[in-house]
Amino acid sequence: MTSEGMPMADLRSSIFAWVEAGALPVAAVPEALRVAGVTPSAAAWLHFLTRVAFGLGALLVAAGVIHFVAFNWQALPRWGKFALVEAAIVVAIGIVLRVGPDNLVGRVALIAAALFTGALLALVGQVYQTGADAWQLFALWAVAIVPWAIAGRDPILWLLLLALVNAACEIYLATFRGAFSILFGSRGVLRALFVVNAVALLAWEVLASFGLREFAASWGRRVVATACGIAATALAVSAISLYRDENGVTLVVYAIWALVSFWAYRIRRVDLFALAGLVLSLIVVIGAWSARSLLSDERAAGLLLIALVLIGCTTAGAWWLRRVAGTLQR
Amino acid sequence: MNNSPNLWAKLESAALVEGEMPATQIDATPWYVRAMIGIGGWLAALFLIASIGAGLAFVMRSAAAAIASGAVICAVAALLLWIKREQAFLAQFALALAIAGQGLLAWGIAERVHVSLAPAFLTFAALELALVVVIAHPVHRVWSAFLCVVAIAAALFDWGVSPLMPGIVAIAFAAIVLNEARLARYAAVVQPATAGIALALVVITAVLAYGVPDLLSSVRESKGAANVGAALGAIALIGSTVALLRRHGIAASRIGWAGIAGIVALAAAAWRVPGLAAAITLMLVAFGAGRPALTGLGIAGVGFTLGFAYYALQWTLLAKSGALVVTGAILITAGLALRWRWPAAGEGDA
């Protein structure tokens, strides 16, 4: 949103509509975009470039260190490899202690330290041939950065932690289901990812309601909500299409997820992004259900009917979302 | 949706407009709702094509029939949007029809080609370019522009010069977006088309990073193509930076020269990572135009190019490690220079 109370894209559209109507000369468009706050000011450029330079720079250096560990350079002795990665962690943490975790440089250094930690754990596995599975690396990595995520109060660190938990769960259940197979069944990976991300989203919302700043930014919540929505949708589609969900438990869980999402992002608070994701999920699930129900001997007619159902659902969904967007701007 | 009276008043006080605010309507649909509409239309189109295949099998067996059917379906979609654009169901139906029509056109063109793929891809790209103009649906324009660029990329790949593509697309994107004020009268076409071009750039970067060598290993890459591609990416990045600095009137200042020197160093460091300069160009130009969603696409493109750095086989991991650390160090040095000159830069919200 801009100072006009309108999204930037709407201000841009307004200006172009006035050009088309002949009310604004073409020559005045750059100045109009600047006055409207659509194109960035010098201060906005400075803010953006500084963040990109530090953020991308730290990411590239961390990626360089990970590549170095992966190369497993035989000419470098074992202690030299450890010294290199540990020195990177010490330098990063030293910067955080020097400038503080609330400073941009400190935040970026803490994220780099979290990435270096993964490189260190991989190096331990590589040098000592511990025989550990890949899921253990990701799980240990996630545990190791918990204190830094708490101290750093940065949404990126929490999202990194969640990504590591997702990776550990996925690799663990894809490799061997073990005791968790009773809990998650034959579609273990999808169910586990849904549970992990749903719990994470719930925790994110609860912590945001306590006013913790690292959970306040909508973009972080939207990333977690998207991961949760993808898992829920994939689970429902697989229940409908790929195997018979005899007792309908998966679809009941999906329906509960959809209702809770509606309550959370339409009634409790309006988040149009999350609602658009929910509508898309419903379209995909209705499409999958239609495909199973309507495809019979009359294949061509059935397929045409499914297409019309999807068009109807999308039209209704877009109409509803535009109405919700309209209530936001009034 | 009505335009903002506040914005009109602001422009009026800046002496850019005068008189009463004209009664124009704008489509205030957010990008993620448009994405939902597009995916919904795309899914419906798949079932429409399958329906035609099941009910009218001869259409799929004959190239001429597929091309003719595709053209007729696209024409019907364009007509529907022309006369009944305000009716939501018909507009969505027309979108699905148009995508299905494109599918049939692509099928028909592919059926006719047996020797070289490039002319078929270029024919399809020309058709898509025409559809960007003809079919007046913003989501469809994004889709058609995307397909047009991807088809050209496929033709270049067939000729063994695919590394040229990110640089060419970045130059095209920058040339259009940096001149969007001059093209303001055609905003209904240009705005969605540039979104499609940006999306295609990121997809091409990702495919070049992960998939092409395995997908079609029979195509032999031209030896000089990688260097020409890197040069095109550098031209896009340096040229865009100069244009943006000129827009702010600081190209010839000390700050401007420092910025250009930094970008030249970055372009040199990114020389061996295909698509990195193009992705950074997308990010900078989109930010300069005030298009946050496309800026995010540029950042995603940068992420894909990092993936390439890991998987590329022509470099050892040690060499890649060195290149990544050097590029990262250049960026951190640039950040430190900005903080030295403006100590509060990057803190808080802009």
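Let me start with one residue: A:D154 counts as buried, at 1% relative accessibility (buried is under 20% relative accessible area, exposed over 50%, partly exposed in between, with a 1.4 Å probe and protein chains only). Its partner is A:R107, and the two form a salt bridge with the closest N and O atoms 2.8 Å apart (a side-chain nitrogen of Lys or Arg within 4 Å of a carboxyl oxygen of Asp or Glu). A:R107 sits in helix α5 of chain A and A:D154 in the loop between α6 and α7, 47 residues apart (helices are DSSP runs of H or I, at least four residues, numbered from the N terminus). A:R107 is partly exposed, at 24%.

A word on the ground rules. This is a predicted model, where local features need pLDDT of at least 70 and side-chain atom pairs pLDDT 80 or more, while totals for chains, interfaces and linings use all residues. Residues are numbered from 1 along each chain, chains are lettered from A in the order written, and side-chain values use heavy atoms, without hydrogens or water.

The interface itself involves 85 residues of chain A and 84 of chain B (contact means heavy atoms within 4.5 Å). About 7,300 Å² is buried between them, 78% of it on carbon and sulfur atoms (the accessible area, 1.4 Å probe, that two parts lose on being put together, summed over both). A:W18, A:L60 and A:H67 supply 10% of the area that chain A buries there, more than any other three residues.

Finally, the largest nonpolar core has 71 residues, and B:V33 and A:L321 are among those touching the most other members (a core is a set of buried Ala, Val, Leu, Ile, Met, Phe, Trp, Tyr and Cys residues joined through side-chain atoms within 4.5 Å). Beyond its sequence neighbours within four places, B:V33 contacts A:A276 and A:L321. Thanks, everyone!

Note on methods
Helices (H or I, at least four residues) and strands (E, at least two) are DSSP runs, numbered from the N terminus.
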